[in-house]
Amino acid sequence: MATGRLGVGETLGALNTALGPGDPVWFKETRARHLRARDFLAPRPALQARFGDGQVPERVVLAVAGLQGPGVAPVLRCAPTPAGLALQLQRPAVFERVLGAVASYVAPAAPAAPGPRVVLHCPALRSAPGALRLSQLRAVLVADHLARALRAHGESVRLVPAVRDPHMPTFLQQLHVDWPAASERAATEALRNRALAELSPARDRGALPPGVLGTVCLKELVQERGRAAGYDPNLDKCLVTEDLLSVLAELQEASRCWPGDSPPPLAPAPDANADSCIVVHVVSCEEEFQQQKVDLLWRKLDDQAPLTQKHLVCGPVKVAGAPGTLTAPEYYKLRHAQVCKASAVKHGRDLAQDPAWTEVFSILSVATIKFEMLSTAPQSQLLLALADGSVSTKGTKSGTFVMYNCARLATLFEGYKHSMERGLYPTFPPVSSLDFSLLQDEGEWLLLFNGILPFPDLLSQTAALACTAPGLHATTRTETMCKFLVQLSMDFSSYYNRIHILGVSAQQKGVEGLQGCKGSKGRNQEAPSFLQEPRPHLFGQMFARLQLLQAVREVLHTGLATLGLPPLNHI
């Protein structure tokens, strides 16, 4: 069996190189109706722009058909069609390569070089749960998901602030958000001394409220960085308080002191740590103006403040048919009640008080909330519909639907395990012995080509932070994972509803029955049961399908882990 992980990116890169110099033209097909005839397409308009008359030279077609290289999927055929140059892969070989090394497809593609250290700052977590608005909850969930994705990609991440409200850790645990709790406050003396030197003149400092040191002018710094940087032109003065200095001290410590590093020198040189990490402030749109003040004040008071500070601003959250004052805990309680109600309708009885279902309902509630909050690009406005129907397992867009299919997969493999222990099925053979040419249903290729093969690239995309571009704001694609898991669940559900996985086909059973009979034409003879006398060669297709669905299951679990969601075994 050939080794090395196949990649969509590597295959597309090789295909475009084979066409010669110019912009990329190939793209991967995703729709089932197109995948019946091709896997990749170079559209005719793009070929006409590249080759004038649109006729691809024969030597180029032959080069594409014989394409090979690290990570490049094996090609079966390449031919001109009315739509363009169509390419189909050697599907049995791709099945064999991918399903023979599933573990390598549930890890992100290795980065070309280590990324910078990242400090994720979510100021919403300085409040109490009851004061957390839905837009702030969205920022918290985006920050948590981004932290998990970055760490899965091998990046070093620090989370700020450490929560201090005594009720916040319990609420975050309820939401499956992994965030540190406070231990001790960072020292603010150096920042205070610098702030006092920068304070604007005041006639009577004694009239300032307790905890307020005075104001610092930021206008000059805004002008220095230029309007193109993206700072609000209305930024002028910042009221410096003891609490604000504590915020800066915590950010300062997080950006300088990383686990495993040696202690910093007592008197570091200016800019010594300024380029060692990037800071991403994940804020709601209501917090953006204040966070820009914090950004500029940090730069003004600390010569070693990170050079790269980016602001990931989450759009507003609008709620249809509900007051705009709905808090995060109220939102959770509403969704939890709806999950319990939907379960009671499905099972015909109230299970809310059953201890065996307590954790299930909690996970379903959180899955509903996270898929609602994270399925839209963070920068866009989010409209929530709070009707009961949004938590049904019958809908195909919800977190409940994804968790339902996760449980169906668990039930399938548990069923195989129990049947095997009873002697109804053979033990699972070595993967290297499986015949993947038996996977011929279009749903099987859809699961592999759209679900498993591109997953490493998807993990890398989820962890991508657009921080190199000039300007204040960062963008990220945290919505891609939710959309991917929903589509994977839809493809699996469609396949599972059509195909009988465990067992062999009726035709195979009939052949085995005739072959096992004694006497003329098998009349009046009782054929041995295929379950009582299992013949392993007849189960080839079943085992190939199980290996495919095991890979789907691992992809699903890995994707859910980036959302902080554990898999469910029943629902």
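Reader: In what order do the 4 strands of the open sheet with antiparallel pairing stand?

Author: The 4 strands follow the order β1-β2-β4-β3, where strands are DSSP runs (E, at least two residues), as helices are (H or I, at least four), both numbered from the N terminus. The model is predicted, and local features need pLDDT of at least 70, side-chain atom pairs count only at pLDDT 80 or more, and totals for chains, interfaces and linings use all residues. Residues are numbered from 1 along each chain as its sequence is written, and side-chain values use heavy atoms, with hydrogens and water left out.

Reader: What makes β1 and β3 edge strands?

Author: β1 (27-28) and β3 (75-81) each pair on one side only, and two strands pair if DSSP finds at least two bridges between them.

Reader: How do you know that β3 and β4 are paired, and how many bridges join them?

Author: β3 and β4 (residues 84-89) run antiparallel and are joined by 6 bridges, and because at least two are required, they count as a pair. Among the facing residues, A79 stands opposite A86 in β4, while T81 has G84 of β4 as its bridge partner.

Reader: What is the strand order in the open sheet of 4 strands with parallel pairing, and why do β6 and β10 stand at its edges?

Author: This sheet has the order β6-β5-β9-β10. β6 (157-160) and β10 (308-314) each have a single partner strand, so one side of each has no neighbour in the sheet. From one strand to the next the twist averages 20 degrees. Inside the sheet, β5 (residues 117-121) and β9 (residues 277-284) pair in the parallel sense over 5 bridges, and L120 has V280 in β9 as its bridge partner. Helix α6 (residues 134-152) packs on the sheet, touching β5, β6, β9 and β10, and its direction makes about 150 degrees with that of β9.

Reader: Why are α16 and α17 called roughly antiparallel?

Author: The axes of α16 (residues 455-462) and α17 (residues 479-498) cross at roughly 150 degrees and come within 8 Å. Axes are lines fitted to C-alpha atoms, for helices over the stretch in contact, with angles from 0 to 180 degrees between N-to-C directions. Angles under 35 degrees count as roughly parallel, over 145 as roughly antiparallel, 65 to 115 as roughly perpendicular and the rest as oblique, and α16 and α17 are therefore roughly antiparallel. In their contact (heavy atoms within 4.5 Å), F455, L458, L459 and T462 of α16 meet T480, M481 and F484 of α17.

Reader: What makes α10 and α11 roughly perpendicular?

Author: The axes of α10 (residues 242-256) and α11 (residues 288-301) cross at roughly 70 degrees and come within 11 Å, and the two helices are therefore roughly perpendicular to each other. Residues in this contact include L248 and L251 of α10 and W298 of α11.

Reader: Which helix gives the most to the lining of the second largest pocket?

Author: α17 gives the most, with 6 residues. The elements that contribute two or more residues to this lining are α15 (442-452), α16 and α17. Of the 18 lining residues, T30, N450, P454, L458 and F484 are the closest to the centre of the pocket.

How values were computed
On a 1 Å grid over the protein atoms alone, a cavity is a set of points where a 1.4 Å probe fits but cannot get out, and a pocket is an open set with protein on both sides within 12 Å along at least five of seven lines; lining residues have an atom within 4 Å of a point.
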